[in-house]
There are 2 protein chains.
Amino acid sequence: MTETKRPWEEVEVGEVHRSGPHRVTEDAIIRFAEQFDPQYFHLSREGGENGPFGKLSASGWHTCSIAMKLMVSGMLCTLKSEGAPGVKQVRWLKPTFVDDELTLVTEIVDKYPSKSRANIGFCYAKHRMEDQDGTTKMTMENVFMIRRADQPG
Amino acid sequence: MTETKRPWEEVEVGEVHRSGPHRVTEDAIIRFAEQFDPQYFHLSREGGENGPFGKLSASGWHTCSIAMKLMVSGMLCTLKSEGAPGVKQVRWLKPTFVDDELTLVTEIVDKYPSKSRANIGFCYAKHRMEDQDGTTKMTMENVFMIRRADQPG
């Protein structure tokens, strides 16, 4: 299944991927919040209206999870991905609201080999999630582990 | 509904909250991955066995989302929370596997007033997610916005 996927060597610093749009429904916001972030302002329209943002907003972790989905469909599905060691930072600049249509813009800004694992390399990515009006909702930076072509095992 | 919740002034630097355990099922791992992180090693037992961790593992964003759930039930439900501006960093040190029982340990390490919003204050928290054996799976740092008691609106 990885035959047509690119190894680390073929990733280019400066490459940009756009993925989306992903439309966010009221039902999805509430279902995510019930499972993972049951604060009143994520759980109902009424709660949102009485909360800090004045209307129902998605959990920031929901926006992150949608970003991951868009990373997979936009960029990672083209790569021999082996996961990620973590996240450098996330900034929730604006809340995600019902009917927002989210697009993730990812730029590879650096790449370097692993010192401890000869068969993988790292790619440093900066992500920006924007809505249908071009407003930036969230920025994120992280590192991906990508399999190398020229190394065994 | 916030009558019995603590304002920012009552949060103490050094307070520690433990929340959990939360047991992670195979079904939950696969359902989260299908929605948000459809990489083959998160989608089935077979995929996991052929993947970088040798068995089915949860999306790192699933572990983050479980951490959020445990933050809400452990600490945030005691506070006049107004959300968070982002996440400072996440380190996925070990994957989350089927039947792991996760506990979140949160320590408030700093607090400071907002310069732009007189009615909130910030609390800086360090989190550690551990499993049933005490192994640290993930660390995370973030900042919470908490409503102040002594300020209007």
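In what order do the 10 strands of the open sheet stand?

1. The model is predicted, so local features need pLDDT of at least 70 and side-chain atom pairs count only at pLDDT 80 or more, while totals for chains, interfaces and linings use all residues. Residues are numbered from 1 along each chain as its sequence is written, and chains are lettered from A and ligands numbered from 1 in the order in which they are written.

2. The order is S1(A)-S3(A)-S4(A)-S5(A)-S2(A)-S2(B)-S5(B)-S4(B)-S3(B)-S1(B), with antiparallel pairing. Strand S1 (16-23) of chain A and strand S1 (16-23) of chain B stand at the edges, each with a single partner strand, so one side of each has no neighbour in the sheet. From one strand to the next, the twist averages 20°. Here strands (E, at least two residues) and helices (H or I, at least four residues) are DSSP runs numbered from the N terminus, and two strands pair if DSSP finds at least two bridges between them.

3. Where the chains meet in the sheet, strand S2 (residues 86-92) of chain A and strand S2 (residues 86-92) of chain B run antiparallel and are joined by 4 bridges. Within this pairing, A:Arg91 stands opposite B:Gly86, A:Gly86 stands opposite B:Arg91, and A:Val90 has B:Val87 as its bridge partner.

4. Within chain A, S2(A) also pairs in the antiparallel sense with strand S5 (residues 136-147), over 5 bridges, and A:Val87 stands opposite A:Asn142 in S5(A).

5. Chain A can be laid on chain B with an RMSD of 0.0 Å by a turn of 180° and a shift of 0.0 Å along the axis, the copies being superposed by least squares on the C-alpha atoms of residues with pLDDT of at least 70 in both. That is the relation of a two-fold axis, and in chain A the C-alpha nearest the axis belongs to A:Gln89, 2.5 Å from it.

6. The contact takes 29 residues from chain A and 29 residues from chain B, where two residues are in contact if their C-beta atoms, placed from the backbone, lie within 7 Å. On the side of chain A that touches chain B, the largest share, 8 residues, comes from H4(A). The residues of that side divide into 16 nonpolar, 8 polar and 5 charged, with Ala, Val, Leu, Ile, Met, Phe, Trp, Tyr, Cys and Pro counted as nonpolar, Asp, Glu, Lys and Arg as charged, and the others, Gly among them, as polar.

Technical notes
Axes fitted to C-alpha atoms, helices over the stretch in contact; angles between N-to-C directions.
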